[in-house]
Amino acid sequence: QAAALAGGFDGDNRLADGHVLPLLANVATGKDASKAAESGAEGVGLLRTEFCFLDRDTEPTHEEQVAAYGAVFEHFSGKKVVIRTLDAGADKPLPFLTNTDEPNPALGVRGYRTDWTSPGVLARQLAAIAAAAAEHEAEVWVMAPMIATADEAEHFVALATEAGLQTAGVMVEVPSAALTSAHILQRAAFASLGTNDLTQYAMAADRMLGPLAALNNPWQPAVLQLIKATCDGAAQAAAATGEPKPVGVCGESASDPALAVVLAGLGVTSLSMTARSLAAVNAVLKTVTLDEAQSLAQLALAAASADEAREKVRAALPVLDKLG
Ligand code: PEP
Ligand code: MG
């Protein structure tokens, strides 16, 4: 409804002062990608590859993988597509990779960590991604989920480079990665904040449990501090390496228009969301300057609670009333 009132997304990714903040789409399939391209997304900020293979009990073949990834890349010729390697485990078990008997699956062998228990699957996936990228014109960036340390980032980037993928980054969704992003981003080309998991781990609240929803709220000031720490670390890594170190957000928080303003103010350089949220987020972002977004981010960071942060920021954004 908000998107309808915002009147669709015209693809103009600028704040009120002309500052560019690319808005990208989260997708899992070629069908999603086609819809995302139609709705004006500048690219794909998160291709969740595990969703291509949820029903499989054996590892998908090279050909199956190349076809699945190519089905997304073909809709974004000349545009950026950030593809995430298999994020299996916890809420997304893959029978050929994860063990569902773990006592704490969210803290278990999941995401990038499956490379330790099933060596070879990640390298084969990277080879398939590189082959699909070679068949299409999309600008393919690759990232690993659940990275916790700079050593893991270094190992992932080495594997991606070996496969011929030049732009390798990491998800920042574990608090340790947020707090050490300066080291991580001296090794990786970019970061993408997974605020769904970052919130779950910062608040020690399982994201699957309804009764914990109040804790599982990305407006929690502790989560905002971790996002700021990630962006500050990226700026340090950029200064140390002389290369830009973009930090996107691909968690659900990017689709909350008021929170999107705060994320921009905290130093995030792109936002990726479900395609149907693009119009509403863009409608609000274009009413603020980067300076104003930074002031609102300060207000949210200084709040004592998630509700206080949200209410203060929303009160300063009258355009939200028009969106309903
Ligand atoms: C996240 O954790 O915020 C994220 C984008 O990944 P997923 O929701 O797939 O875990
Ligand atoms: Mg995640």
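Tutor: Let us begin with Ala90, which lies in the loop between β3 and α4 (114-117); helices (H or I, at least four residues) and strands (E, at least two) are DSSP runs, numbered from the N terminus. The model is predicted, so local features need pLDDT of at least 70 and side-chain atom pairs count only at pLDDT 80 or more, while totals for chains, interfaces and linings use all residues. Residues are numbered from 1 along each chain as its sequence is written, and chains are lettered from A and ligands numbered from 1 in the order in which they are written.

Most residues other than glycine have a negative phi. Ala90 is not a glycine, yet its phi is positive, at about 55°. Ala90 has 22 other C-beta atoms within 10 Å and is therefore buried. The cut-offs are these: 20 or more other C-beta atoms within 10 Å of its own make a residue buried, 12 or fewer exposed, and a number in between partly exposed, with C-beta atoms placed from the backbone.

The loop between β3 and α4 also holds Asp101. Asp101 has 7 C-beta neighbours inside 10 Å and so counts as exposed. From the C-alpha atom of Asp101 to that of Gly233, 132 residues away along the chain, the separation is 36 Å.

Apart from neighbours within four places in sequence, its contacts are Glu42, Gly43, Ala138 and Glu139; a contact requires C-beta atoms, placed from the backbone, within 7 Å. Gly43 is 36 residues from Lys79 in sequence, but their C-alpha atoms are 5.4 Å apart.

Consider next the pairing of individual strands. β1 (residues 23-27) and β8 (residues 270-273) run parallel and are joined by three bridges, with Ala25 opposite Met273 in β8. Three bridges also join β1 to β2, again in parallel, and there the bridge partner of Ala25 is Val44. Five of the six residues of β2 are buried, so β2 is largely enclosed by the rest of the structure. β4 and β5 run parallel with three bridges between them, and Ala144 has Val170 of β5 as its bridge partner. All five residues of β5 (168-172) are buried, and β5 is therefore largely enclosed as well.

β2 (43-48) brings us to ligand 1. Leu46, Arg48, Asp87, Glu173, Gly194, Thr195, Asn196, Asp197, Cys250 and Gly251 surround this ligand; a residue is near a molecule if its C-beta atom, placed from the backbone, lies within 6 Å. Two or more residues of this shell come from each of β2 and α9 (195-203), and α9 gives the largest share, three residues. By type, the shell has two nonpolar, four polar and four charged residues, where Ala, Val, Leu, Ile, Met, Phe, Trp, Tyr, Cys and Pro count as nonpolar, Asp, Glu, Lys and Arg as charged, and the others, Gly among them, as polar.

The loop between α9 and α10 (221-241) contains Ala204. Its phi is near 50°, a positive value in a residue other than glycine. With 8 other C-beta atoms within 10 Å, Ala204 is exposed, whereas Ala90 is buried.

Finally, helix α11 (residues 257-266) packs on α13 (residues 290-302) at an angle of about 100°, the axes being 7 Å apart. These two helices are therefore roughly perpendicular, a label for angles of 65 to 115 degrees; under 35 is roughly parallel, over 145 roughly antiparallel, and the rest oblique. Val261, Val262, Ala264, Gly265 and Leu266 of α11 meet Leu290, Ala293, Gln294, Leu296, Ala297 and Ala300 of α13. Nine of these residues are nonpolar, two polar and none charged.

Notes:
Axes fitted to C-alpha atoms, helices over the stretch in contact; angles between N-to-C directions. Contact = placed C-beta atoms within 7 Å. Pairing = 2+ DSSP bridges.
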